[in-house]
Amino acid sequence: MGFENLYDFLQEDVNFDELLKPLLPYIDKENEVLDAGCGSGHILTSLAAKGYSVVGVDINSHMLSLAQARLEDQNLKAELYEHDLKQPLPRKFKTIIALLD
């Protein structure tokens, strides 16, 4: 099991709905939300399931493939991009979240 799969497995026990609950009043559903360092997509999937328009960015292509699989398994959509966050993003976002590791 590689790092990415182990990380994803360890995230299975996190209650993302509870984690996000205090943030949701501050996130406008009319704007895209950038999940910076989205990893295997647990948070962006939770937001997408709640009706938010989410864009996920991560430097690790394997993590992004896990995120894509998670989205597809739940019949959800989000834009995913491989990107080094040390570099400028080509788009602007009103809401950016960067949670967990």
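Me: In which loop is N75 found?

Reply: N75 is found in the loop between helix 4 (61-73) and strand 3 (79-82). Helices (H or I, at least four residues) and strands (E, at least two) are DSSP runs, numbered from the N terminus. This is a predicted model, in which local features need pLDDT of at least 70, side-chain atom pairs count only at pLDDT 80 or more, and totals for chains, interfaces and linings use all residues. Residues are numbered from 1 along each chain as its sequence is written, and side-chain values use heavy atoms, with hydrogens and water left out.

Me: Is N75 buried or exposed, and what is its phi?

Reply: Buried means under 20% relative accessible area, exposed over 50%, and partly exposed in between (1.4 Å probe, protein chains only). N75 is exposed, at a relative accessible area of 73%. As for the backbone, most residues other than glycine have a negative phi. N75 is not a glycine, yet its phi is positive, about 55 degrees. G51, which follows helix 3, also has a positive phi, near 95 degrees.

Me: Which way do the residues of strand 1 point?

Reply: In a regular strand the side chains alternate between the two faces of the sheet. In strand 1 (residues 33-36), V33 and D35 point one way, while L34 and A36 point the other way. All four of these residues are buried.

Me: How many bridges join strand 1 to strand 2, and how many to strand 4?

Reply: Two strands pair if DSSP finds at least two bridges between them. Strand 1 is joined to strand 2 (residues 54-58) by four bridges, and the two run parallel. With strand 4 (residues 95-97), strand 1 pairs over three bridges, in the parallel sense.

Me: What is the hand of the β-α-β unit made by strand 1, helix 3 and strand 2?

Reply: A crossover is right-handed if, with the strands pointing away from the viewer, the path from the first strand over the helix to the second runs clockwise. The unit made by strand 1, helix 3 (residues 42-49) and strand 2 is right-handed.

Me: Why is helix 3 described as largely enclosed?

Reply: Seven of its eight residues are buried, so helix 3 is largely enclosed by the rest of the structure. The buried residues are H42, I43, L44, T45, S46, L47 and A48.

Me: What does S46 touch?

Reply: Contact means heavy atoms within 4.5 Å. Leaving out residues up to four places away in sequence, S46 touches F16, D17 and L20. S46 counts as buried, at 11% relative accessibility. A polar contact is a pair of N or O atoms within 3.5 Å; within protein, one must be able to donate a hydrogen and the other to accept it, and residues adjacent in sequence count only if both atoms are side-chain atoms. The side chains of S46 and D17 make such a contact, at 3.2 Å.

Me: Where is H83 placed, and which residues does H83 touch?

Reply: H83 lies in the loop between strand 3 and strand 4. H83 is buried, with a relative accessible area of 17%. Not counting residues up to four places away in sequence, H83 touches V57, D58, I59, P88 and L89. A polar atom of the H83 side chain lies 3.3 Å from the backbone oxygen of P88.
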